[in-house]
Amino acid sequence: MTDPMLSARNITVRRGSATLLNNVELDLAAGELVGLIGPNGAGKSTLLSILAGLDKAMDGKVQFGKQPINQLSDSERAKKIAWMEQLSAPHWPVTVEHLVMLGRIPHLTRWRSPDKNDRECVSNALTATDCKDLATRRVDTLSGGELTRVMLARALATEPQVLLADEPIAALDIGHQLQILDVLRNFAEGNHACMVVLHDLSLASRYCDRLVLLNQGQNVASGAPGDVLTRDIVREVYGVDTMPVGPDNSMLYPIGLSDHER
Amino acid sequence: MLNRLTLLHLFLLLSMLILSILSFSIGAEQIDLLAAASNLFYGNSVDAIILREVRLPRTLIAITAGATLGLCGAAMQGLFRNPLASPGLVGSSAGAALGAVSVLYFGVQALHPQLVPLAGMLGSLLATSLVYILAGRDSNVTTLILSGVAINALATATMSLLLNFAPSPFAIRELVLWTLGDLSDRSLTDFYVMVPVSIVGWVLLIGTGRKLDALTLGERAAQSLGVNPARLRWQILLAVSLAVGATVATTGMIGFIGLVIPHLLRPIVGYEPRRLLFVSALGGACMLLAADIGVRLIPTETVLKVGVLTSLIGAPFFLHLILKSRKDGYR
């Protein structure tokens, strides 16, 4: 494996008496699409915001390449690491084009306005997410699927090295889910690193190179999807009994809550 | 889009120019504007003196105060991401009014006439600092608003206390009239006192445009774009406190311009917070100039105060906007 783009060591977060993350370690390499999975409240969003440099861990460190992330300036960090929030609606009904241009803010200074290059980045991001036709629409007229694509375009317009997406496909129909995951896949294949929080285990195992499974703030398993999503692990973490289905039995189909969960 | 924006800028600038000329021409005395203006600074004719000492300061103060109110309203609405936010939300107006009224109450303005505006600016800074300390550095927007409400209430209550204990009916009249908002009887010195502080506030605010744009996505996403929300809040609070403090300290409380103008112009600039800043400053200047010309034209027995007029026009107009946007669907 090449040197990781983004790496986290001994990440520990406590809030009050609760331990949200306990000694979590992970690496994200260029070209990888990594799925971050786990039950509700496992600490996935907390971990993602720490990787993005939005929150500080009480213990442990996050490095971009060889540089600790807290040594980067806000705008340096923002140029390298893009973060996409789950289910967020813009506060003002601006146009799609303007919203996506917001992704260029880390590259702009007070004296530098968007130029040809910035407009090109926006245009590329709109093309990658299939939002070209939406460019002049007002964001309050978009459907949920369109808005997610536009928000993803906003993150891509930054041209980051690392993209961290928090449940980007929640509340989307299956067609739009695949569309978004394809975009993430393409992004990773362009020698970028991408981590995505997912709840759908079969989509996670189908699209991701690696999975990281969190449970109660602990990294309980990580590796190739087939190694992480075993029937035993899923029963223990999610409390759900499953059966293998699909091509060469590579996916797990939930058949019900396991006995001790009933 | 750009064309429409350029047109809007031109329209507002032109309106400001025309309103300024009207403001020079209209008043109790008919003056020969051209003759007076040709020897503005050294002329000894009555017309030149009226223009120099009455109408010029009044017009300049109207432009500065109106621009401040419009700009600060736009910045506050951008910061709070709420079209109902106004410049007075974080205590600056009430603090400035209290500072100025305190000086009037104790009669210390006799020592130096500029003590009133200086105390006003100090009051504004003090009130905003209190709001800031009360809310805490990393507080969320709701705590900030609640602290603002608390400090506003405290400042208003203290003002009522001063009125309550006012030594004479004459003092009461002076205190109350001062809070109504007025541009008459101001001198160029008043303008020179208010303008540097206002400009510092403006410069700070104009620099926040792109960060306000980023806030469209929410505070966390703005942070992921490299914006420091706590620092941005601090910067805007300080700027509003300075600029609004300088304005209220000079003119008294002038309501609704900071609320209505950004609200009115927002759809025309495509709801973009950064573009709204400058046009709101121009729009605010136009509205206050127009209102101040209005009070000179309306034939009332007692002179109508401009703050009363802006509130009288502003309140129903604002109600109309709310009803209209309820019908159209978005804010």
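In which sense do β3(A) and strand β8 (residues 193-197) of chain A pair, and over how many bridges? In this predicted model, the two strands pair in the parallel sense, over four bridges.

## Strand β3 of chain A

Within the pairing with β8(A), A:Val34 has A:Met195 as its bridge partner. β3(A) also pairs with strand β9 (residues 210-215) of chain A, again in the parallel sense and over four bridges. There, A:Gly35 stands opposite A:Leu211 of β9(A).

Strand β3 spans residues 33-37 of chain A, and five of its five residues are buried, so the strand is largely enclosed by the rest of the structure. In a regular strand, side chains alternate between the two faces of the sheet. In β3(A), A:Leu33, A:Gly35 and A:Ile37 point one way, while A:Val34 and A:Leu36 point the other way.

Strand β1 (residues 6-15) of chain A runs antiparallel to strand β4 (residues 59-64) of chain A, and five bridges join them. A:Leu6 has A:Phe64 in β4(A) as its bridge partner.

## Nonpolar core

The largest nonpolar core has 181 residues, of which A:Val100, A:Val150, A:Leu164 and B:Ala75 touch the most other members. Helix α3 (residues 46-80) of chain B gives the most to this core, with 17 residues.

Beyond four places away in sequence, the residues that A:Leu164 touches include A:Leu48, A:Leu51, A:Trp83 and A:Met195. A:Met195 is also the β8(A) bridge partner of A:Val34.

How values were computed
Residues numbered from 1 in each chain as written. Chains lettered and ligands numbered in written order. Predicted model: local features only at pLDDT ≥ 70, side-chain atom pairs only at ≥ 80, totals over all residues. Pairing = 2+ DSSP bridges. Core = buried A, V, L, I, M, F, W, Y, C linked by C-beta atoms within 7 Å. Buried ≥ 20, exposed ≤ 12 C-beta atoms within 10 Å, placed from the backbone. Contact = placed C-beta atoms within 7 Å.
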